[in-house]
Amino acid sequence: MPGKLKAKIVAGRHLPVMDRASDLTDAFVEVKFGNTTFKTDVYPKSLNPQWNSEWFKFEVDDEDLQDEPLQITVLDHDTYSANDAIGKVYIDIDPLLSSEAATVISGWFPIYDTIHGIRGEINVLVKVELFNDLNRFRQSSCGVKFFCTTSIPRCYRAVMVHGFVEELVVNEDPEYQWIDRIRTPRASNEARQRLISLMSGELQRKIGLKVLEMGGNAVVGYLQCFDLEGESGLVVRAIGTACTLDKLSNTYTPATAINPCNSSPSKDIKDSPQAVPSALGCRSTHSSPVHSASSRLSQGFSVSVPTLLFAGMKHRHRSSDGPRARQCRAGFGEEAPGVPLSSGPPTPLRAQTFSSFSPSKSYSRQSSSSDTELSLTPKTARICLSPSSPTLQSKSSPIPTTKALRSTTPPPLHVSQSDTAMLRKSVSFSEDLLLAASGMGSGGSAGKEAGPLKALLRQQTQTALEQREFPFFTLTSFPPGFLLHVGGVVSARSVKLLDRIHNPALGNTRSYKLLDWNSFTADEPETRDAWWEEIRQEIKSHAKALGCHAVVGYSESTSICEEVCILSASGTAAILSSRFMQDSALDTEHRLSRQQASVFTSGAEKGEGDMGSTASLGFEDLMSPGCAFCHIPYDELNMPFPAQLTYCHCCRRYKVPDVLFTTIDLPTEANVTGKGCLIQARLCRTKKKAQGEGNATAISNLLPFLEYELHTQLMNKLKLRSMNALFGLRIQISVGENMLLGLASATGVYLTALPSPGGIQIAGKTPSDITYEQHISNMQKKINDTIAKNKELYEINPPDLVEEVIGSPIPEPRQRSRLFRSHSESSDEVSELDLSHGKKDAFVLEIDDTDAVEDIHSLLTDAPTPPGFYSCNTEIMPGIYNWTSALQMFTSVRVFRLSNVNLTNQGLNKVFNDLCENLLKSLYFKLRSMVPCCLCHVNFTVAVPEDELIQVAVTAVAMSFDKDQTQENGRQSIDKNLMKAITENEDQLQFPLELSAESSSNPLNSAKGLSEVSGPLPSARVSSLEKASPLPEGRSRSLRSNRSYAGSSVTVVKMTPLSFIPGTKIIKYLGIINMFFIRETTSLREEGGVSGFLHSFIAEVFAMVRAHVAALGGNAVVSYNMKECVFMENPNKNQAQCLINVSGDAVIFVRESELEATPPQPHSASAQTSSSGEGT
Amino acid sequence: MRRMSMELDVFVGNTTIIDEEVYQLWLDGHSVSDAVRMRLESDALSECEASGEVLHSDTMDQYRTFQMCERLLHCPSKLANQLLFQIPAHRQAMLIERYYEFDHTFAREVLGKKLSKGTKKDLDDISLKTGVALKSCRRQFDNFKRVFKVVEELKGPLVENVQHHFLLSDSLARDYAAVVFFANSRFETGKRKLQYLSFQDFAFCAGQLISYWTVGAVDNMMEDMDVDLEKEFLHDLKDLKVLVNDKDMLDQHKSLVCYQLKGKIKAFSEMEANFKNLSRALINIASKLTNTKDVRDLFIDLVEKFIEPCRSDKWTVGDLTLFLTHYTSTAHTLEMFRFQILWERYMGVIKSCILKMYHD
C-alpha cells in the first residue's frame, strides 16, 4: 500500500444552467480513482456551488498512481430521472509522484464535456502521500522525471546520458468496439479519452522502469505518440533518452556552464534510485553489431525506404538510362553494377538470409514466434543499406566477436539505382546523398599521428555505445563537448499493412483491460515492436555507413490511411564524446563481470584504459568548438561515398563537406555567418486509389520519388538563399486515398566552417531557339538577383567570400555542385553539360521539360518573409540574440478542399504550395504588431483527412527581439543575451492584482510575485464572500456588488514550443503535461461551422493546459507540442469530431530582472508551492 | 474561387490576439466582406501589402473570436475569471469598454423609452434614421437593457453600480446611468421641441438629477435605490409655491433680482417685464413634480415654459447665468422664505439643466 491519494472538492463557478425551470443547477461531484468512487453533497440551486468537501482518501498502489488519472465528474442532481453529467476533469497525478516536481495540485480546472466543451470550472485540491518502496521487483517507477524538452533541462546537470528508451502498448480502440453501436457518442469519447490516459500512464511507468534498470533517474526528450489504427486498434508508443540528472543546487548558474568533468560516477549511483544491474544489461551485451543478419530483412509489406543521407550534392541519381552511367561514375563507383539488388556490404551470410526470407508470400499474420511480419514484397524490392544488423534474434545467439571494432571504418555502402528497370519496379530506393562530415577526422585530414589515438577514442566510445541496442538520442541539443561530429541525416521509412488480428482472447469482457506484451500473448504489440525494431536497425546501419556510432535528434512518426501505415524514423548520424557515457562503461563492466562475458569485459577494459587519452583528445577537440562538429566523421581516404570535401574554413585543419543536413538544433557554439531562415520543400503526388497490398505497393513505389524531389527542392532553396547547412530537418510524408503529401521543413544557415555554396545555373535543353535562350537568361538573372537579395537579407557576408562573389553571385565553377533535374533526359545533354560547366562541381538546374520550369518558378515564387520577420523551425535563430520577453505561441489549422478532382501533379503541387505559403503570409500578417520578431520552432504538420482534403496545422512561437542589436559576432554572448530580455514588457500580460491588499496581507501568497498563485487562496476568498452574503443566488444578491470585483484569480500561463523563455530563468520543472482530448458536435452549423468548432476546441485545449499548469503552481509550459490534431467532419449530418494530443513541461520561471533585484532564493519556488498547499 | 474551397481556417493564440480596428468594425455591425473591403481601403494596412485573401482570413478569425467572447462580455466580471481566453487585463478593459460604448445619436433616440420588446422592434427605423447599422443598434439596445436589468434593483449609487458590475470607465458608467435613469423615469424626450437637445445634454441633466434629487444623493446609507427621485423631496417642492402665491414675496424677489442685475445683462428690460412669468413657470414645474406624468414632462416643460420665452427675448447664455444665479441666491434674503435647503436643492439642478439646454 505504498500511496495515499487525497482529493478535496472546494467549489465550482460559472456552471451551466441544467434546470430550465429555475435557471439553476443542483450540482454534486463524483471523485473516482481506480474502482473507488466518492461523492460530494448536492449543492442545491446554484451556478457557483461551494462544496467544501472533506478530504476523499484513496489508498492505492503506486503502480496505479502512475497509470490512472484522477477522474472528477460534475453532475446535476435530478430527483426523478437520471442525473445529468455536466462534464469531467481528468487530473494526471504523476507530477506529484516525484519529489522534485509539484507537491500539490490546487486550482480551477475547466469542466470539460466532449459534446459541449468547457462548462464552468471546478476548484480542486489533490495531494499524494507516498511511502518509499524499495522493492526492486516493483512495477512502478515513481520518481523518474519526464521531460519533453529535447535538451538537458535548464536547472539540471547531466551526470550521465544512458541512451534510448522506447516502449509501446496496444489496445482495441473503443470507438471500434461493438458496444460503440449502442452507447452515446459522449460515452464513447470518454471511454477513449480514459483509455488513452490509462495507456499513457502505463507507458510512462514502463519507460520509467527501463530507466531505473539503466540506472538513470530521468527521461529527456520524451516523445509519446498514438496511432489510431482504426479497426486494428490503438497504439500508444513513446521514445526518449534516459539520463541521470542532478539538480543544480545553485539555480543561478547557467545550466550550460556545467563542467561535465565534475560528475563523479559514485555520486551518480547514489542519486539514481536504484542502480541495479538488470536484465537490460544482457540485452545490450548482445547487441554487438555482428549478427547473423537474419530475420529482420524479410519484409512484410515493408518497403523500407532507406532514405537519404543527405550529402554533398554532387552526385544525383537519375532513373533514366543516360545519366545513369554518369551517375554511377560519380556516385557509386564500380560497386553498383556489381551488386545490383542488394548493395551494401555484401556479407554473404546476409545475402542468403535475405533471399531466403523475402519471398514468403503468405498474407496471414504470422505468429509471434517468428519475427517476420507478413511478407508480401517482391524479392527485388529491397536494397539493403546496412552493413550489419543486430536483431532480436541475436539475443538467443550471443556470439560476440571482435569485429565490432571494425565498424570504425565501415565499408562504403552505397547502393544506387544502378539499374533503371530495377528502380522502377523496386519498392525501395536508396540514394545516398550522403553528406556528412568529418569525423574526428580519422587520420586523413588531421595528420597521421592523430590517427591511432582517435581510432582508440572512437573504439572506446563506440564500445560504450554498441553495448546499447540502439545508440539513439532524442536530444536535439547537447551539453558542451558531448557532440563531437555530425555525419548527416539518416532516415528510414517502411510501408506496412495493418491487419485486423483475430484474437479470440480479446473478448468484450476485457474492453478496458490493457493489453500489453508482458501480460498477454496477443501478437500485436510484438508485431508493432518488431516493425519499429526493424526501422531502428536500419537507422543504426545508416549511421554506421556514415562512420558514426550514434544517432542524435532521433524521432519516429507514422502516417495511417485506411489499412496502410507508413512508419518513419529519422535522426542525425553523429559521433559523441564518451564523457557522458564513461560511467556506463564502468557500469557495463560490473554487469559483465557478473555474467562472466569475458570477451566483452576485455573490450570494456580497453575502453576504460583509454579514458585518459579520451580526455586529452576531447580537449583538443574543444579547441575549435565552433567548427569541430562539421568535420567529417569518416575516413577521407576511405569515404563511404564521394563528397566534395574542403578544409574547414575555420580551423583549416580538418575536412568538411560542402553541405550539411541535420535534424538537431544548431549547436550553440557553432560559428554562423548571418541569420538563418525557414526552408520548406513541399510536394504533392497523385496516387491511384487502391486496396491493401496494391495500395501499399503503389505507395512504396512513390515514396522514393517523393523523397528525392523533396530533397532536390530543399537543396535548390538552400542554394537560393546562399546557405550551406540545414538544421532541424523534419520530413513528413502523409498518405491519403489518392495522394501523397510530402513536407520537409528545416532551418537553413550559413556555417562559417563550410565552403560557400555555389549559385544556381540554369541550363537549357535545346539551345536552338533564341527566345528560349532569352527566357533562360532572364530566369538566370532572376535567380542571381534573388540570391544577391537573400544574401543581403540574411546578412551573409563571409569575409573570405567577398572577392569571389564580386560582380556576380554566380560562383566559380569549382564552387558549384551539380543538380540534374529531369527523369528523362538523353545522354548527349550530359556531355554537353560537362563541356559547359566543367566537371562535378556545377550546380545546374536543367530546364528540359515543363516540370522543371514549374519547379524553377515555384523556387522563385516563394514569397520572402516580410520586413521585420524571421522564421526558423529550430529553437533559436542564429544571429538574433537580444530577445525581448514578448512572446506569442499559436496554433493555426487550415483544411483545403480540392475542388477539381482531376488534378495533375503540378496542379496539386501548386495548390499545396499556395496553401502553405498563404498560411505563412497570414501568420506574418497576424503577428505584425510584434515586429521585429522571429517565428521560432515553426512546426508544420500535414494530413489528408479525406479524399479531397488537405490539412495543414502549424504551431510556433513568435518572439520579439530588439532591433537595435549591436552586431556582435561573438558567440560568447549568446548565452547571456539569449536569456537577457532588454525590455520588460512582460507586464502586458500581468493582470493587475485587484486583491493586492488582501493577498499581501496573506503571508502565504507573498511569494515574490512569482505568479499570482491560483492556489486555494482565491477560492477561500470567494467562499468567504459567498458565505457573507445571506442570499445564495439571484440578482438582488449582492450589496454594492462585491462579486464582480473579486478580481482576476487567473494565473497567466505562458506557452512555448521552445525549451526556454527569453529573459527568464526556469527555477523548477513541475512535471510533464500530456493531455488527450476529444470533442464532438452534432450541431456543427450552430457552433459556427467547422472553423468555429475547431477554433473553440483549440482554445479549450489551451485553457485546459494552462489550468493544469497553474494548478501545479507553474506559470509556463515549455517544449509545448501539439502532437496530433485529427479532424473529421460530416457536414451533411451537421457533425464533426476532433482529437487533439498535446504535451509539454510545466515549469516555474522568474524574470531575470527580478532575480537581480532580489537576492537569490532558490527555495522560493518550493516555498511557494508548499505554502499554497497549506492554504486551506 | 479559391477561398470557397478553404474548408477550415483558424488561428488560436495562447494570448488571444485582438485587432482593435477589426473589433470596431465588428461592433459597428459590418459584415465580414464589408470589413475586408474597408480594411483594404484603409491606409493603415497598406504597408503590410496584405492581400484580400489574407485580410479575409484574418477578419473571419477575429469575428469568430469576438463572437466567442461576446457571451463573456455580457457579464464582464466573468471575463477576468474565465479560463478560455488569456487576455491581458488592459485588453480586457478595452474589449469591455468598446463593447459597451454606444452611439449618442442612437442613444438619443432610445432615451426615455421603455426598454422593451416593443422598442426593439422599432430599431429598424432608428437604424435608418441614425445611420447606425441595425446589428449595432441591437447590440447597443441589448446593452442598455442588460445594464438596466442588473442595476434597476440594486441599492447604492447608480454610477458606481454600473461601474462595478460592468467594469466600465467612469464616463461611460455615467452615460449608462443616464440611460438607465431616463428609461426608469420615462422622461419625455421625443417631442419635436426637444429634438434640438443632444444625448449629452440629457446625460448631463440626468447626472444632475441623480446627484441631487435621488435618495442616494442625501443619504449615503444606501437604503434606497438611486434610480428613483426622492418622493419626499418632490412632495416638499409644493412648499415653494409660496414664492409666487405670496404677492409681496414675489415683488420683493423681483426687485432684489432686478437690483442685482441692473446694468449687468443686456436683456434687462425683457427680464424685468417677464420676471413674474418666468418665476411662476419654474415654481409651477416644481410644485407639479409629485405627479409622475409631470415628472416625465420635466424637460418639455422647461423648454416650453422657460427656455423658449428667454430665447425669443434673445437672452444670451451670460444673461441667463446671471439671472438664475441671482434668482436663486436672492430668495435666501427673503425674510419670510423658510425653505432654503429645499430651494437650493431644486434650483441648483434646474439652473444647471437650463444652462445646459439653452442652445440652438
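Two strands are taken to pair if DSSP finds at least two bridges between them. Helices (H or I, at least four residues) and strands (E, at least two) are DSSP runs numbered from the N terminus. The structure is a predicted model, in which local features need pLDDT of at least 70 and side-chain atom pairs count only at pLDDT 80 or more, while totals for chains, interfaces and linings use all residues. Residues are numbered from 1 along each chain as its sequence is written, chains are lettered from A and ligands numbered from 1 in the order in which they are written, and side-chain values use heavy atoms, with hydrogens and water left out.

Within chain A, β26(A) pairs with strand β28 (residues 949-961) in the antiparallel sense over 12 bridges. In this pairing A:Arg894 stands opposite A:Val952 of β28(A). β26(A) also pairs with strand β1 (residues 6-13) of chain B, again antiparallel, over 7 bridges. Here A:Arg894 stands opposite B:Asp9 in β1(B).

These strands belong to an open sheet of 5 strands with mixed pairing, in the order β25(A)-β27(A)-β28(A)-β26(A)-β1(B). β25 (869-871) of chain A and β1 of chain B stand at the edges with a single partner strand each, so one side of each is left without a neighbour in the sheet. From one strand to the next the twist averages 20 degrees.

α24(A) lies across β26 of chain A together with β1 of chain B, and runs at about 25 degrees to β1(B). Helix α3 (residues 52-73) of chain B packs on the sheet, touching β26 of chain A and β1 of chain B, with its direction at about 60 degrees to that of β1(B). Axes are lines fitted to C-alpha atoms, for helices over the stretch in contact, and angles run from 0 to 180 degrees between N-to-C directions.

The contact between the chains takes 64 residues from chain A and 53 residues from chain B. The area buried between them (accessible area, 1.4 Å probe, lost on being put together and summed over both) is about 5200 Å², with carbon and sulfur atoms giving 58%. The interface has 5 salt bridges, defined by a side-chain nitrogen of Lys or Arg within 4 Å of a carboxyl oxygen of Asp or Glu. A salt bridge joins the side chains of B:Glu7 and A:Arg897 (3.1 Å, N to O). Elements giving two or more residues to the side of chain A that touches chain B include β26 (883-897), α20 (905-926) and α24 (1089-1111). α24(A) gives the most, with 13 residues.

Methods. Contact = heavy atoms within 4.5 Å. Buried area = accessible area lost by both parts, 1.4 Å probe.
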